[in-house]
Amino acid sequence: DLGRSYSFCCQLRDRFQVHVLAVEYPGYGVCPGVATGPSVMENAFSALHFATQSLCWPVDSILICGRSIGTGPAIKLTSLFRFAGVILVTPFMSIGELFKDRVGPFSKLVEEWYPNSELIRKVRCPVLLIHGKADDMISYRHAEQLFELIATRKLLVSPPSMMHNTNLMNDMNYLVMPATHFFSLPDYIFQDLRVPAWAFTLRPRTATPTAPAPWP
């Protein structure tokens, strides 16, 4: 759950001088529900709605970041909206391709939640991919093939010794230096971020918020 990511989020905030909004999966931590393709995307859209409508933060000043299975909702969002950019750490082509690496033809029996290889073609913001060549959970070939499909400004960082769960802050060349140069961080915005008081209390979900309109 997000409790285990707190330290990493704090380091992101301090290193890049940014605000960090982390999104929980349904059924993890204190977040209710069950994690499915639609429910994960519902949480992603809710977070985007909160950032743009409640915090009044412009879409084109938001950097999306996803790691491993989280690159699925990250790519889905960036295929619909024109963000400042997206960081994909250990991404994958699709759920089917992931299972194909493990179970071969039986992968056709798996429900496809994230057709990343199709959606990545629609992304129009800068894309930074980070995938270690020593990853034994998601093959490095996934990042290579996704990189070839991207039609916008892009960069692939592939540390030889980085594994699937390697701490990205262990080496400045994994994330900090590439992101700093690729996105010209920190990009200072002299605007106060005001978080509404109700955001600090737990409330039952009553309705699914509407995300901002996708870019034309």
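## Cysteines

Buried means under 20% relative accessible area. C125 has 2% relative accessibility, so C125 counts as buried. C31 counts as buried too, because its relative accessibility is 16%. The model is a predicted one.

The structure holds 0 disulfides. C31 takes part in none; its nearest cysteine sulfur belongs to C9, 15 Å away. For C125, the closest cysteine sulfur is in C65. That gap is 12 Å, too far for a bond. A disulfide needs the two sulfur atoms within 2.5 Å.

## H142 in helix α6

Helix α6 spans residues 140-149 and contains H142. H142 is buried, with a relative accessible area of 0%. A polar atom of the H142 side chain lies 3.0 Å from the backbone nitrogen of M93.

What else does H142 touch, not counting residues up to four places away in sequence? Besides M93, the contacts are P91, F92, E97, L98 and D101.

## The buried side of helix α4

Helix α4 covers residues 95-103, and its buried residues are I95, G96 and L98. Why do they count as being on the same side of α4? They cover an arc of only 155° around the axis, and therefore sit on the same side of the helix.

Helix α6 is included in what covers these buried residues. L98, one of the buried residues of α4, is also among the residues that H142 touches. After α4 comes G104. The phi of G104 is positive, near 65°.

Notes. Residues are numbered from 1 along each chain as its sequence is written. This is a predicted model: local features need pLDDT of at least 70, side-chain atom pairs count only at pLDDT 80 or more; totals for chains, interfaces and linings use all residues. Side-chain values use heavy atoms; hydrogens and water are left out. Helices (H or I, at least four residues) and strands (E, at least two) are DSSP runs, numbered from the N terminus. Buried means under 20% relative accessible area, exposed over 50%, partly exposed in between (1.4 Å probe, protein chains only). A polar contact is a pair of N or O atoms within 3.5 Å; within protein, one must be able to donate a hydrogen and the other to accept it, and residues adjacent in sequence count only if both atoms are side-chain atoms. Contact means heavy atoms within 4.5 Å. The arc is that of the directions from the helix axis to the C-beta atoms.
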